[in-house]
Amino acid sequence: MQICQPVFPGSGIRCTEVIDPKLHGCLLSLHFAVPRDARTAPMHALLTDLLTAASADYPEIGALSARLDALYAADLSASLILCGDSTDLHFTASWLDDALTPDRLPITDAVLELVLGCLLRPHARNGSFDPALFAVCRQNLIDEIDGILGNKREYALQLAAETAFAGEPAAIPPQGDRDLAETVTPQECFALWQDILQTAPIEIIAVLPRENPQITAALRAGFAGIARTPRPVTWLAPSPCRAEPVLAEDAIAVSQSKLVLVYKYRNIPRRTAELLTKMLSGTGTSLLFVNVREREGLCYDCSATHSALKCAVVIECGVQPGREQAAADAICAQIEALQTGDFPDSLCEEAKLSTEYAAALALDSASGIENRVAAAYCCGETPSLTVADSAVRALTRADLTEAACRLRLDTVLMLHGTETEANP
Amino acid sequence: MTRTRITDPLTGESCICIREEGAPELRIMEQPGFHTVSAQLGVRCGSVCCRYRKNGQIFTVPAGTAHFLEHKMFDSPAGDMAVRFAALGASENAFTAFDRTVYYFSAQQNIPQALRLLPALVQTPWFLPDRVDRERLIIGQEIQEYSLDSPEDRVFFQLLEGLYHAHPVRCDVAGSLSSIAEITPALLYQLHRDFYRPDNMVLCCAGNLTEEQVLEAAAGLHCETAEPLPEVLLPSEPGTPRLPLIRSEMDVGKTQFALGFKSAPVQGTELLRQTLLGELVLDLLAGPSSPFYRSMLSQGLINDTFATSAFTGSSWFALIAEGESDEPERVREAFFAAAADACRTGIDEQRFAELKAAAYGDAVLSCNSPAACAEAMLDAAMWEIDSPFARTALLPALTPEDACRCIAERLMPAQSCLSVIDPSPAE
């Protein structure tokens with residue numbers, strides 16, 4: 001496996017290639033870094049659909065999909081990743097290695113043409129996305145915003161973010177506000193996309209089974225016609241911690257309650273915070289699993305995630321109505337255990353082993369490699385393709401305990417389930 | 001003992017298959033280019049194994065017992081097995097499906113030790129009453145979160161309730177809050193004794209490991225009984241659905257629906273062939289490039305959550321189209337019309353060829369990680385298919401005539417049930 005950065009003479013565009021012969025396919029991603037605000041959030045969400053559903057070359061809905069099918073299940077997708085207070089508008093194309101098509105067809109050229117067509121020649125006219133396409137995409141978005149109600153775990157996390165990060169861009173829901181989504185026009189969306197093409201810093205990451213200069217050449221040619229004046233985006237956006245934690249409560253018409261606790265911190269190195277999070281959840285010996293689930297029987301799944309860019313650790317679980325406070329207390333007790341050093345040495349070692357395993361697993365798939373490179377750039381680091389991380393290995397019990405003492409409980413969200421007939 | 005090697009001519013990957021009487025079947029893909037290993041131990045004991053005959057005697061266990069057993073297998077006299085995997089840096093877990101329970105791990109180091117833990121995990125039943133009671137609370141939360149509160153799961157299992165009269169596939173894999181209340185340590189020991197036999201297991205390993213490592217780990221897995229395996233008893237199931245329409249309400253933003261078509265099950269390689277055909281035909285009739293999809297989308301009758309799938313096993317076969325719609329009955333009628341039209345005028349042959357190309361690409365691209373390869377080997381073994389590469393081998397022979405036959409035999413209105421979850425009325 002090797003990593004290289006072909007020269008990309010375009011302002012604010014960096015290209016990274018990773019070559020790994022074990023892969024059956026190719027993956028190409030383009031990350032556009034954009035600032036996050038309430039007005040543009042629904043437009044970013046719309047762009048993920050508008051730019052992958054059709055293009056000037058394939059204007060009819062379904063035509064692009066048929067073309068991708070014919071290219072042996074080539075795929076073009078887009079998503080939004082919230083990174084701190086900014087957004088990573090992220091397009092990914094993946095396709096079968098030419099050598100593995102039945103007749104060794106050179107499909108790479110065709111896929112590149114499709115990708116560039118979608119991004120640079122969208123289905124638009126006179127400074128506006130096609131109105132019919134736009135109407136379909138907007139309805140999809142509104143349905144998606146309404147659909148969050150069906151996924152109570154996601155819904156709880158969204159409400160917790162709105163409380164914990166109130167007043168910060170990170171509080172804006174991923175798909176934006178429904179009312180704003182209803183008022184966006186195809187002209188505004190098209191103008192925003194043109195602005196993004198000209199001003200967003202762009203990371204291009206290609207993960208390939210073998211070197212293929214035609215990919216970089218096609219991208220260079222594609223972006224050559226765009227006059228770019230990139231506006232830098234700041235990824236790291238630590239959220240201020242409240243002096244006293246805030247409790248937000250609501251009722252939901254389901255049988256299980258949802259609980260989210262947001263801890264914030266300052267001055268914990270990223271790897272230390274990640275290891276602490278792993279000690280909380282992620283292995284069969286993690287504190288939340290062993291104590292909150294197995295010992296107390298309070299929940300089926302209690303997990304912790306780390307947001308390096310917001311400097312926060314978010315813990316969430318589903319819990320039987322009436323036991324929300326017991327679960328919150330049990331979770332807080334695990335944080336206290338980290339802070340007082342009341343954990344076995346083996347927990348720390350197992351978390352390190354689990355971190356190394358996760359690094360190895362990432363290197364076993366094109367998407368894992370791509371994620372790892374993109375995440376490194378997001379954190380301002382140089383991507384590495386090694387499994388062992390000496391900085392993680394060197395962390396001691398004292399380092400971890402000291403860091404854990406900087407975790408402050410900021411927000412507790414309880415959504416109380418009200419459908420009592422199912423409760424045992 | 002027999003040892004065979006099957007090589008995929010397209011990718012060069014090869015699978016070693018080892019069979020020995022009284023021992024689990026072993027399937028191995030040595031992939032030295034990868035960093036990790038995935039090992040999956042499948043037991044032919046799923047949620048449908050709730051009534052069976054053994055030595056002439058009939059046994060019945062409550063719905064959800066196989067899943068409960070899966071949870072409790074991690075307890076052992078030496079403590080939680082998860083702790084032992086974690087000490088090796090291995091990521092372990094398990095899941096129960098309708099026809100199987102699978103215990104698996106993935107790891108980057110300590111591979112021989114982790115491999116040896118898998119047989120120990122499934123061979124050491126240890127069910128203390130208080131631990132079983134505590135697990136009931138945990139599984140109760142799992143049932144609440146997924147079976148009761150998830151609209152996706154609710155609309156799916158409601159569909160199965162509408163499609164099937166008596167087949168246990170109509171019951172949730174995890175059971176219900178009332179069925180798990182009946183599960184006792186004695187029932188768990190019984191199910192374990194009858195189904196968790198080495199000759200009822202398959203061990204599939206892929207990634208950076210060797211055949212010798214797998215053989216050494218599996219050496220301790222050998223049947224101590226010559227008794228025949230239990231026979232799973234399935235009730236007789238009518239060919240038509242139990243209900244044409246089944247609906248309920250819950251707190252959702254938009255109406256959810258699943259349109260299912262029930263048809264005759266098949267087994268072995270024919271099951272894979274018919275599943276492939278079913279997937280292709282659904283894509284042809286209702287995939288994103290079909291006239292049906294375009295028309296429904298442009299009328300606002302579906303959105304981009306719409307998807308199709310084949311839900312198949314050796315004793316059930318259903319083709320499903322699901323999504324969100326304010327008018328699911330109109331979507332159903334349009335789907336019926338598209339299927340009838342295809343039966344009358346034939347299918348778009350060029351489109352069928354494109355979809356076969358896509359299915360080929362999917363198969364090759366998806367089988368490119370140790371976990372995916374181990375899963376592909378296990379799926380094949382569970383369906384009594386020798387080659388994990390059978391998907392790409394079967395595709396070229398599928399014809400437009402096969403597709404038309406599939407539509408006529410498996411997608412007729414009389415075979416359908418529409419499951420709907422409506423939003424609860426605002427209070």
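How many bridges join strand S13 (residues 245–250) of chain B to S17(B), and do they run parallel or antiparallel? Six bridges join them, and the two strands run parallel.

## Basis of the model

This is a predicted model, in which local features need pLDDT of at least 70 and side-chain atom pairs count only at pLDDT 80 or more, while totals for chains, interfaces and linings use all residues. Residues are numbered from 1 along each chain as its sequence is written, and chains are lettered from A and ligands numbered from 1 in the order in which they are written.

## Chain B overall

Chain B has 15 helices and 17 strands; helices (H or I, at least four residues) and strands (E, at least two) are DSSP runs, numbered from the N terminus. Along the principal axes, the C-alpha atoms of chain B fill a box of roughly 60 × 55 × 45 Å. The radius of gyration of chain B is 22 Å, which agrees with the value near 22 Å for a compact globule of 427 residues. That radius is taken over C-alpha atoms, and the globule rule is 2.2 Å times the number of residues to the power 0.38.

Of the 427 residues of chain B, 53% are buried. A residue counts as buried if 20 or more other C-beta atoms lie within 10 Å of its own, exposed if 12 or fewer, and partly exposed in between, with C-beta atoms placed from the backbone. Among contacts in chain B with a separation of 6 or more, 82% come from residues 24 or more positions apart; two residues are in contact if their C-beta atoms, placed from the backbone, lie within 7 Å.

## Domains of chain B

The domain assignment divides chain B into domain 1 (2–232) and domain 2 (245–423); such bounds come from an automatic or database domain assignment. The centres of the two domains, taken over C-alpha atoms, are separated by 27 Å. Between them, 38 residues of domain 1 of chain B are in contact with 33 residues of domain 2 of chain B.

On the domain 1 side, the elements giving two or more residues are strands S2 (14–19), S3 (25–30), S4 (37–43), S10 (101–107) and S11 (201–207) and helix H5 (151–163) of chain B. H5(B) gives the most, with nine residues. By class, this side has 20 nonpolar, eleven polar and seven charged residues. Here Ala, Val, Leu, Ile, Met, Phe, Trp, Tyr, Cys and Pro count as nonpolar, Asp, Glu, Lys and Arg as charged, and the others, Gly among them, as polar.

## Strands of chain B

Six of the eight residues of strand S17 (residues 416–423) of chain B are buried. In its parallel pairing with S13(B), Ile246(B) stands opposite Ser419(B). Strand S14 (residues 256–262) of chain B is also joined to S17(B) by six bridges, but runs antiparallel; there Phe261(B) has Ser416(B) as its bridge partner. Two strands pair if DSSP finds at least two bridges between them.

A three-stranded open sheet of chain B has the order S6-S5-S12, with antiparallel pairing. Strands S6 (57–60) and S12 (231–232) are at the edges with a single partner strand each, so one side of each is left without a neighbour in the sheet. Strand S5 (residues 51–54) of chain B pairs with S12(B) over two bridges, and Tyr52(B) stands opposite Val232(B).

## Strand S8 of chain A

Strand S8 (residues 202–208) of chain A has seven of seven residues buried, so it is largely enclosed by the rest of the structure. Ile202(A), Ile204(A), Ala206(A) and Leu208(A) are buried on one side, and Glu203(A), Ile205(A) and Val207(A) on the other.

S8(A) runs parallel to strand S2 (residues 13–19) of chain A, joined by seven bridges, with Cys15(A) partnering Ile204(A). Strand S3 (residues 25–35) of chain A pairs with S8(A) in the antiparallel sense over six bridges, with Phe32(A) partnering Ile202(A).

## Chain contact and core

The contact between the chains takes 53 residues from chain A and 58 residues from chain B. On the chain A side, helices H2 (63–70), H4 (131–147) and H12 (345–362) give two or more residues. H12(A) gives the most, with eight residues. This side has 25 nonpolar, 19 polar and nine charged residues.

The largest nonpolar core has 276 residues, and those touching the most other members are Leu50(A), Ala327(A), Ala39(B), Leu203(B), Cys205(B), Val281(B) and Met377(B). Such a core is a set of buried Ala, Val, Leu, Ile, Met, Phe, Trp, Tyr and Cys residues joined through C-beta atoms within 7 Å. Beyond neighbours within four places in sequence, Cys205(B) is in contact with Ile28(B), Val37(B), Ala39(B), Val214(B) and Ala374(B).
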